[in-house]
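Me: I am new to this structure and would like to learn how to read it. Could you take me through it feature by feature?

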Amino acid sequence: MNKLLLSAILLGLLSACASTGDKDQSGAAVEDKSMGQKSGADASGAQKSGVAANPLTDPNNILSKRSVYFDLDSFSVKDEYKPMIEAHAQYLKQNSKAKAFLQGNCDERGSREYNIALGQKRAESLRKMMSVMGVSDSQMETVSFGEEKPKSEGHDEAAWAQNRRADVVYQGE
Amino acid sequence: MKKLYQKWWLILLLAFATPLHAALTIEITGGAGNQIPLAIVPFGAENALPQSITAIVGSDLARSGLFRLVDPAGAQAPHEPADVRYADWMAKGAEDLVIGSVSARPDGKLDVRFRLMDVVKQSQLAGFSYTITPAQLRSTAHKIADVIYEKLTGDVGVFSTQIAYVVKNGKRFELQVADADGYGAQTILASQEPILSPVWSPDGSRLAYVSFEQKKPIVYVQNLISGGRKALVSVKGSASAPAWSPDGRKLAIALTRDGNSQLYMVNADGSNLQRWSANSIIDTEPDFSPDGKWILFTSDRGGSAQIYRMPAVGGAAQRLTFDGSYNVSPHFSPDGKSFAFIQRQGGKFHVAVQDLATSQVQVLTDTPLDESPSFAPNGKMIIYATEINRRGVLAAVSSDGRVKQRLSVQAGDVREPAWGPLLKNQ
């Protein structure tokens, strides 16, 4: 057990180094949603591609867009996000080893538990769309952070709108 | 698997171990219309004690909002019934009088004796004596307050109970347990990840709660005596919203292993996991009726978040709430006749109570961001989370809405309160 923990910690350190290097090279910061641990293998892949932009992080590529925003109480995905979700679906289909975490979030108001359920449903909305687009279920995993991981710490409608959100985060990011 | 959790617990402990007291401060912000005028005479020889028993009794009773403490100063201070000059206390406006004494025993223990006297009838209503260690002074004072409360109001006192709640301080979360008067706060769990939804087992020995320490919501059950804890179930997806059955043998929980949040039943040891609700929409926040026959829960099956009731053995769900588009967080009253919940009105979130027989709703609070209502075990108060000046605080309101209290810690946000059960051995 100790060995397992130790290697987990080492892996964490390794990936921390790798991610710093990554940032310095491309200059395109990936939002850290702290879902998947960066694996060593993945980081080296990113380095191989070097300055040539990673499609997932290239700001000119639609794949760099990761967030879907929702109306109050709502889990229905607005039409404006469909091209972006389509692009991620295509990417997953073309990269069968890639895995996406779909993370649902809510604004701070109301029940924390209901917000966990609502965030889950937001993440599920994305998963179902991508599933219909042909993405394998094994390449997607949904999770809800409810209102517990706000992107914006504010307490007004602008902050709340930022936090009613589902993010696409790839394993290794 | 179990071992792994124990290891994590150890790591959490080592990383975040802290001093164990951060008392909640309680402020009374309203009172009942007809308060009982009560005089409490400092007990004989009480001034030799490290803390005054009668001061604790007095603050307990005053905090309930049902009593008006009559200042005993100036009157002759009796410690035995024969010494009571009733006319003096009548003149002060006291209807009831508390007297007593403390004496040290040769073995280091203390004898505490008290009597509750009816000033109008000039007779004794109650009298008890306790042999205690000095460490039991506070708990004995709470027991005395419970006796007085029950004799004078007819309801069971809850001054000997505890509350659980979560404190967020910066990025640090602590699950704490404190006495109902805010004293003796102890940290049960500290983490850098969110903790929420603590619920007491009916015997008060365990807490179930949700922790994000594995980067997703997971339900843990922790023994308060041994400190041992384990994840209730280990399944795909997340687990949240735990609720104990009244016999303490089962929990209802919300799982996302089939996609959306759905309700499941599981034994308290994690065995015999069974799906309880089956549909494609949100079901969460289960709560057992005190007789174990019903479950209240929140669902969006009708297109908005509303509260439903369903037999615990399964069956047809009945929608209970109809006012507005957001009614959540239902909790049965201890007598099972009503339930407390959160109702959104015009973008504001208030604590409300609905009578199950008449469907009548009473909104109890006027603060805009109320969450997580939890009944005191005598059904007389509801503790909940709210915000004052952008800070999370706990507040309590009487179930008729007349008495209000506010509880806060010195630093950080307090939230997710859960009032513990009455313990029979007290």
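Me: How many bridges join β20 of chain B to β21(B)?
Reply: Two strands pair if DSSP finds at least two bridges between them. Here two bridges join β20 (residues 306–311) to β21(B), and the strands run antiparallel. B:Arg309 has B:Gln318 as its bridge partner in β21(B). Strands are DSSP runs of E, at least two residues; helices are runs of H or I, at least four; both are numbered from the N terminus. This is a predicted model: local features need pLDDT of at least 70, side-chain atom pairs count only at pLDDT 80 or more, and totals for chains, interfaces and linings use all residues. Residues are numbered from 1 along each chain as its sequence is written, and chains are lettered from A and ligands numbered from 1 in the order in which they are written.

Me: Which sheet has β20 and β21 of chain B in its order?
Reply: An open sheet of four strands, β18-β19-β20-β21, with antiparallel pairing. β18 and β21 (318–319) of chain B are at the edges with a single partner strand each, so one side of each has no neighbour in the sheet.

Me: What lies across β18 and β19 of chain B?
Reply: Helix α4 (residues 112–132) of chain A does, running at about 145° to β18(B). Axes are lines fitted to C-alpha atoms, for helices over the stretch in contact; angles run from 0 to 180 degrees between N-to-C directions.

Me: How many residues of chain B are in contact with chain A?
Reply: Contact means C-beta atoms, placed from the backbone, within 7 Å. By that test, 33 residues of chain B are in contact with 21 residues of chain A. Elements giving two or more residues to chain B's side include α1 (2–16), β18 (283–288) and β23 (338–345). α1(B) has the largest share, three residues.

Me: Where does the other sheet of interest sit in the strand list?
Reply: Look at the order β9-β8-β7-β30 in chain B, an open sheet of four strands with antiparallel pairing. β9 (186–191) and β30 (413–419) of chain B stand at its edges, each with a single partner strand, so one side of each lacks a neighbour in the sheet. Neighbouring strands of this sheet are turned by 20° against each other on average, direction ignored.

Me: How many bridges join β7 to β8 of chain B?
Reply: Eight bridges join β7 (residues 162–169) to β8(B), antiparallel. B:Val166 stands opposite B:Leu175 in β8(B). β7(B) and β8(B) form a hairpin with two residues between them, and B:Gly170 in the turn has a positive phi of about 65°.

Me: And over how many bridges do β8 and β9 of chain B pair?
Reply: β8 (residues 172–179) and β9(B) pair over five bridges, in the antiparallel sense. B:Gln176 stands opposite B:Thr187, and B:Val177 has B:Gln186 as its bridge partner. Their hairpin has six residues between the strands, with B:Gly182 at a positive phi near 90°.

Me: Why is β8(B) called largely enclosed?
Reply: A residue is buried if 20 or more other C-beta atoms, placed from the backbone, lie within 10 Å of its own, exposed if 12 or fewer, and partly exposed in between. Seven of the eight residues of β8(B) are buried, so the rest of the structure largely encloses this strand. Of the 426 residues of chain B, 47% count as buried.

Me: What does the domain assignment of chain B give?
Reply: Domain bounds come from an automatic or database domain assignment. That assignment gives domain 1 (2–23 + 162–419) and domain 2 (31–153). Their centres, taken over C-alpha atoms, are separated by 36 Å.

Terms used: Contact = placed C-beta atoms within 7 Å.
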